[in-house]
Amino acid sequence: MPAARLRSARAADLPALLALEARFPGDRLSPRSFRRHLASPNARLRVLAGGGRVLGYYLLLLRRGSAWARLYSIAVDPAERGRGLGRRLLADAERQARAAGRDGLRLEVRADNGAAIALYEAAGYRRLAALPGYYQDGGNGWRYARRWQGP
Ligand SMILES: CC(C)(COP(=O)(O)OP(=O)(O)OC[C@H]1O[C@@H](n2cnc3c(N)ncnc32)[C@H](O)[C@@H]1OP(=O)(O)O)[C@@H](O)C(=O)NCCC(=O)NCCS
C-alpha cells in the first residue's frame, strides 16, 4: 500500500488520468479537456501520487463570478479504494476552493453511486436538488452542496 502525496497534476500524468477515467462508467473527460483544465487558471486538477503511480485525482472548477466551486470529477484507483484517499481528495478540493475565496462546493452525482454519495454525506454535503435524466445515458442524478461561509 503506497504512501500517497497530494500535488497538482502535470502533463506527464495525462495517461494515468485517462486510464483512471476509463475504469469507471459515466461521462468521461477527453484528453483534450484534461489538457485544457491543466492549463486553466479557473481549474484545479490535483492528484494523489504514490509508488510512482497516480492513485486518485479530482478536478475542481472555479467559474469566474460564482460564489461556488464545482467538483467536476473525483476518482480513486479501484485497487486503492476504502482507505481514505477519496476523503483526502475531497478535503483538498475544499481547501483549494476556500483558498480561491469560494463560499462552498457543489457537485453532481449519479443517484445509483452509493459509494460517492456516502463519501459526500459523511463530509457534510446535503442534497440540493434532484436531477432527473441528468446523465448522457439517461441516468438520474443529485446535486449536493456544502457551504462553509456566507449569509
Ligand atoms: C467515490 C470514491 C472516490 C471514494 O473513494 P475511496 O478512496 O474509496 O473513499 P474513502 O476510503 O476515502 O471513503 C471515505 C468515506 O466515504 C464512504 N464510502 C466510500 N466508499 C464507500 C462504499 N463503497 N460504500 C459505503 N461508503 C463508502 C464512507 O463513509 C467512507 O468512510 P469510512 O471508510 O470511514 O466508512 C471511489 O469509490 C471512486 O473512485 N469511485 C469511482 C468514481 C466515482 O464514482 N466518482 C464520483 C463521481 S460523482
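A polar contact is a pair of N or O atoms within 3.5 Å; within protein, one must be able to donate a hydrogen and the other to accept it, and residues adjacent in sequence count only if both atoms are side-chain atoms. This model is predicted: local features need pLDDT of at least 70, side-chain atom pairs count only at pLDDT 80 or more, and totals for chains, interfaces and linings use all residues. Residues are numbered from 1 along each chain as its sequence is written, and side-chain values use heavy atoms, with hydrogens and water left out.

The ligand is a place to begin. An N or O atom in the side chain of Arg81 is 3.4 Å from an oxygen atom of the ligand. Gly82 and Arg83 use the backbone instead: an N or O atom lies 2.8 Å from a ligand oxygen for Gly82 and 3.2 Å for Arg83. On its own the ligand has 930 Å² of accessible area (Shrake-Rupley method, 1.4 Å probe), and the protein covers 69% of those 930 Å².

Next come the strands (DSSP runs of E, at least two residues; helices are runs of H or I, at least four; both are numbered from the N terminus). Two strands pair if DSSP finds at least two bridges between them. Strand 1 (residues 5-8) and strand 2 run antiparallel and are joined by 4 bridges, with Arg5 opposite Ala49 in strand 2. Strand 2 is also antiparallel to strand 3, through 8 bridges; Gly50 has Arg53 in strand 3 as its bridge partner. The hairpin of these two strands has 2 residues between them, and Gly51 there takes a positive phi near 60°. Buried means under 20% relative accessible area, exposed over 50%, and partly exposed in between (1.4 Å probe, protein chains only). Strand 2 (residues 43-50) is largely enclosed by the rest of the structure, because 7 of its 8 residues are buried.

Strand 4 and strand 5 pair in the parallel sense over 4 bridges, and Leu71 stands opposite Leu107 in strand 5.

In soluble globular proteins, nonpolar side chains tend to be buried together. A nonpolar core is a set of buried Ala, Val, Leu, Ile, Met, Phe, Trp, Tyr and Cys residues joined through side-chain atoms within 4.5 Å. The largest one here has 25 residues, and Leu60, Leu71, Leu105, Leu107 and Tyr120 have the most contacts inside it. Helix 3 supplies the largest share, 5 residues. A second, separate core of 14 residues includes Ala9, Leu20, Leu59 and Leu61.
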